[in-house]
Amino acid sequence: LARALLFQGLLAQAAAVGEQAAEAALHHDLDLLRVVLAATLGYLAALRGNGMQLLQAIELITTLAPRQAPSYYRTGAMVLASFALAAAGQAEAASGMLLDGGGGPDLPGLQRVDQAYGYELLTAAALALGQLAQAQAWAARATALRGLPAGGMAAAAVRRTTARLAAARGDAVTSAVLATQAAAFAADNAGHLDAARARLLAGTALLQSTSASEPARQHLSAAAEQARLLGATSLHLLARRDLRSIGLRLAGGGEPPMSRRERQIADLVMAGLSNAQIARVLSISPRTVQGHVARVLIALDLPSRSAIPRAMLPTMMPPDTELLTARQRDVADLIHRGYTNDGIALALGVSVKTVEKHLGAIYQRLGVRSRTALAARWAG
C-alpha cells in the first residue's frame, strides 16, 4: 500500500502507511522484509530531500540484499532503491543498482512496464554522466518495447526518455512536446508525481531557447506547485533552481519569511556546520534541524544548502582565486550557486568523477572541509 501511494505521488499518505509498516516490521526477524521496507522509505526520503534517511536505507539494502535468494521482492527492492538514488541525483550509483537488481542490460527480472521505467532511468543517468552514445542505446531499448498500453504510465516513461534524448541533442521543441505528452498520459492515469516530473522536463528543455522563457516558466511553475502539493521537496527545488538560472521566479510569487531560529540555522550552515553539529550547538534534534534547513531553502528560493551563502551574503569577496586553476574556479562557482556534482558535470561537459577530483583539490587548496563551507567563502 505504501508503494502504491508513493507511485501515485501521495507522499504524506505513503509516509503514514510506511511508518505503520516499519513499526510492524519490528516484530519480525526477516531481513528480506527489512530490505523491501528500506527501499520504499528510501525512495520517499529521496523525494522529500532527506539525504540522511536515504543514506541509511541504501546502506541497509547494499548490506542485506546480496544475502537474499533471487526473488521478486529482492529485485523490486533494488529497483526501487535505484529510483531513490536517481531522485537524489546519484546517477552512477542508480544505474549500477538497477542493472544489478534487474539482472543486466536486458532487465530480464522486470515486468515490461518496469522495463520502461528502468530504461528511462538508465538513459537519464548516462546523460548525467556525459555518455550520449550510451544514453542513445538505452533509449533505443525503451522505444523497442512492445505491448505497452497506449497512453499508459509506461508509455509516459518512454515519452520522457525520448524527450531527455531530444534535449541532449539540442532539440528543445521536440523535447518539450514529448514531455508534455508524457505529462498528459501520467495525469490521465493518476500518476501525479510522474506528471510533475514531465512538466519539469518540458520546462528545463525550453530553457535552451531564449525565445521560450515564458513557456518554460509556466511548465516549471506548474511542476513546482504540483511537487509542493505532493510534498516532493527535491522536485520542487529543482524547478525553482532552473527558473533562477534564467533570472525568473515561480509564477504566482510570494515567499515566506524566515523565523529567528531559521535565520540562526542559516548562519550556522554558512559556517560550514553539518546538521548534527548544528543540533549539538542548539541542543535540538538533527531531525528538527533538517526541517528548519528545508524551510530556509524554501524561504530563500534555493535548491540546496550550499547555495545559502550566496543568498545571505551576496556582496562577499571571493577567496584567493589564484590558488585555483581556471577549471577549479568554475567548479567552485557552480558549487556556490547550489549545483550538485551531476549538475556541474553536465554544465562543464566532464564526468562526475572529474568533478569529485576537482572538488577534493579545491578543499585542500582553500582549507575547507565541505561544499557549504566552500560556498560560504566564494562569490564567483
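The following legends describe close-up views of a predicted model.

**View A. Packing of helix H15 against helix H16.** Helix H15 spans residues 275-282 and helix H16 residues 286-300; their axes come within 8 Å and cross at roughly 110°. The two helices, H15 and H16, are therefore roughly perpendicular to each other. From H15, the residues Asn275, Ile278 and Ala279 take part in the contact, and they meet Pro286, Val289, Gln290 and Val293 of H16. Sorted by class, this contact of H15 with H16 comprises five nonpolar and two polar residues, with no charged residues.

**View B. The edge-to-face pair of Tyr72 and Tyr73.** Four aromatic pairs are present in the structure. In the pair formed by Tyr72 and Tyr73, the ring centres are 6.2 Å apart and the planes stand at 75°, an angle over 60 degrees, so the pair is edge-to-face. Tyr72 and Tyr73 are both exposed.

**View C. The stacked pair of Tyr119 and Trp138.** The ring centres of Tyr119 and Trp138 lie 6.0 Å apart; because their planes are at 25°, the pair counts as stacked. Tyr119 belongs to helix H7 (residues 112-128) and Trp138 to helix H8 (residues 132-143), so that the pair links distant parts of the chain, 19 residues apart. Tyr119 has 4% relative accessibility and therefore counts as buried. Trp138, at 10% relative accessibility, likewise counts as buried, the cut-off being under 20%.

**View D. A cluster of aromatic rings.** Tyr43, Phe83 and Tyr117 are joined into a cluster by ring pairs.

Key:
Residues numbered from 1 in each chain as written. Predicted model: local features only at pLDDT ≥ 70, side-chain atom pairs only at ≥ 80, totals over all residues. Heavy atoms only, no water. Axes fitted to C-alpha atoms, helices over the stretch in contact; angles between N-to-C directions. Helix = DSSP H or I, 4+ residues; strand = E, 2+ residues; numbered from the N terminus. Parallel < 35°, antiparallel > 145°, perpendicular 65-115°, else oblique. Contact = heavy atoms within 4.5 Å. Nonpolar A, V, L, I, M, F, W, Y, C, P; charged D, E, K, R; others polar. Phe/Tyr/Trp six-rings, centres within 6.5 Å; stacked < 30°, edge-to-face > 60°. Buried < 20%, exposed > 50% of the residue type's maximum accessible area, 1.4 Å probe, protein only.
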